[in-house]
Amino acid sequence: MYCKKECIAMLLAGGQGSRLYDLTKQTAKPAVSFGGKYKIIDFPLSNCINSGIDTVGVLTQYQPLALNEYIGNGATWDLDRERGGLSVLPPYQGNKKSDWYKGTANAIYQNITFIKQYDPDYVLILSGDHIYRMDYSDMLAKHKETGATCTIATISVPIEEASRFGICNTNEDDTIYEFEEKPKKPKNNQASMGIYIFNTKALIEYLELDEADESSSNDFGKNIIPNILANGEKIVAYRFDGYWKDVGTISSLWEANMDLIGDDPVLNLRDSQFRIYSKNQARAPQFVGANAKMVNSMISEGCAINGTVVNSILSGGVIIEEGAAVYDSVIMDDVIIRKNASVYTSIIDTDTEVTEGAVVGKEGADKSEITVVAKGSVIKHIKA
Amino acid sequence: MAISAAGIIFSNLNNNTLSRLTRDRTVAAIPFACRYRLIDFCLSNLVNANISKIHVVANYNYRSMIEHIGSGKDWDLARRKDGINVISPFQTATTSSAKVFATHMEALKSMKEYIDEFKEEHVVLMDSDFVLNIDIADVIRVHEKTNANITIVTKIAEKDYTSKNPRMFISSVAGKVTDIAMNTVASDSNPELALNIFVMKTSYLRTLINEAEAYGLNSYTEMLRRKYSHSNYRTYCYSGYAASVSSFLDYYKYSIELATNEKSRNSLLNEKSRPIFTRVHNSAPVVYTKTASVKNSLIADDCVIEGTVINSILSRGVHVAKGAVVKNSILFQQTKVEKNAELNCIVTDKSVTITEGVKLSGNETMPFFVEKYRRV
């Protein structure tokens, strides 16, 4: 059945996220909790539906079980559609060969058939490990207006951090003349956000060329973008000036969570015109007990708080017993902090129990000393 | 063995004594327990017993309920086979005055065609003005085991309980119904308050409807009284939290109890295997600022708390500003309590604004109600 779409999105969600250590041991990075009730992947998927994109291929590879269960049929983001909607695209066995996704470009290459089903004019490439709210339709409008082969979303980063990113060197009209992947001496601070819009025909051509090149590492930043530039085709930078954070490390994940609280939080999730959707867990309302003290914190449904919570983010169903205290921490689903236990500057993964009187983390620790507790742990109190 | 049952929910048959809460919403759509509406408890009780064919009987003011139910997706009731169906009053082009059912038996008579089509072995009838979290599967099991014609879920009435509506009170011996009375208080001879959950075989319901038509019977009580002495009518005595919402005061009392009584709260909201489902709004988690102070309260998503909240229930999107104090109150969605305002024993309907410095107080025996969209 022919089902034409103007623009479809391909979301790369197969990354391991090895720099998140224990948090991604059993879970793909896009399925890591964020901001209480969200998962990282809620952000790009909500952006899609809020931008009018109703067809999304989600490419999974690493530890996909939790991610697949979370995504389901896409109903959370109104992407359960009869025409289009969300499709999970794992690597598969073809009649001649089968392969894991070797790189970002190869992952898309292996799904060219999926793209062709929708005969789209444009393909939006996204990654599943960034926290940001963005209206892709605005970027698409610019892409059409400039007539570029490819448009790359960029953001200003501090120049001292620029060597960690793919840097876009642009002319005055925002056309890119050079793309440098993690340059030692960056020429400017316009970093690629890993968000690309391609004309479909050109994308497929370059993916096929790249696949034929055995020396290629099959990566958008390292191979595809430089090849397009080398051919003299037009690539334009789309400058984004909203909130955007790569949450690929423990400290950046912790920082992004902390960006949600404070008097005037940098990341505001309360915009009813641009909701971030997340899967409903059917939890009871949050209960605050007689001994609770909550300061500058964000607390989700199903929590029962009877202790102290300061500068922290709590996901669903967290129990904080009397006398327990949590400072500067991110506590994920269904964690229990027993009586008189303390938690300082930590990220505690789901289903963990901190037993009575136990201490997690170091009092007064900063973001360079974040303690991470793996899923399902039991932290015991050791008497001195 | 899998349960074969259909559910029928009467959404609005006792609306006459809840005037302010039901001025422009049906009983089933009254907000309750912070993030739910009354019908959520009926639907969840049925869904948690794997009952997926559910008819909701509506008569008046049912727009907000229809909006709440939507496709039924939030209760997993958006099905190709079965699922949820709202039965609204039926008006044809030729009838001059629409006859809107006012009693259970009238409603059942009007939906006889649907019931004739039921393939399910049992039917569960319930009213939306009783709020509880009950294992309906167990009620059906007991019903089958005791070979009852009808099993009525009851609760021993609290000593001082007075209903504004006459309710059904029952006495039983070893579970068998020995007397049925309509009253506003329990008596020594009829100590069990019927929670208006009835389980029976579908075939038995059909005979009851036929009899009701033949003898012109309109209420449950008329029906049951005629037959209980020579039938096996039994009670299933439930002992958890059950709110009988017959008046605004009942509504207030049973709501606040959820904030102040842990046992009640756990019985209704924290049964691990029987979660309560509701329409999802995708709101952000609650934010507590540096000046927040909250005790014994239930708080829904999207609230921002900068002031003090004690023994209260706050629905979605409530804002309590700095210096404001909310005590023993129930605030519906999007209520704004501005700086230094004080509320005690107040129920605000949705989108009410209490402006800066305003002090309002009711009493626990006479809480005060603020209508929706009002600015105080």
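Is B:Ser351 buried, partly exposed or exposed?

1. B:Ser351 is partly exposed, at 26% relative accessibility (buried is under 20% relative accessible area, exposed over 50%, partly exposed in between, with a 1.4 Å probe and protein chains only). Although not a glycine, B:Ser351 has a positive phi of about 55 degrees. Its loop runs between strand E25 (346-348) and strand E26 (353-354) of chain B.

2. The model is predicted: local features need pLDDT of at least 70, side-chain atom pairs count only at pLDDT 80 or more, and totals for chains, interfaces and linings use all residues. Residues are numbered from 1 along each chain as its sequence is written, chains are lettered from A in the order in which they are written, and side-chain values use heavy atoms, without hydrogens and water.

3. A:Asn296 also is not a glycine, and has a positive phi of about 45 degrees. A:Asn296 is buried, with a relative accessible area of 10%.

4. Leaving aside neighbours within four places in sequence, B:Phe41 is in contact (heavy atoms within 4.5 Å) with residues including B:Phe32, B:Tyr36 and B:Leu268.

How values were computed:
Helix = DSSP H or I, 4+ residues; strand = E, 2+ residues; numbered from the N terminus.
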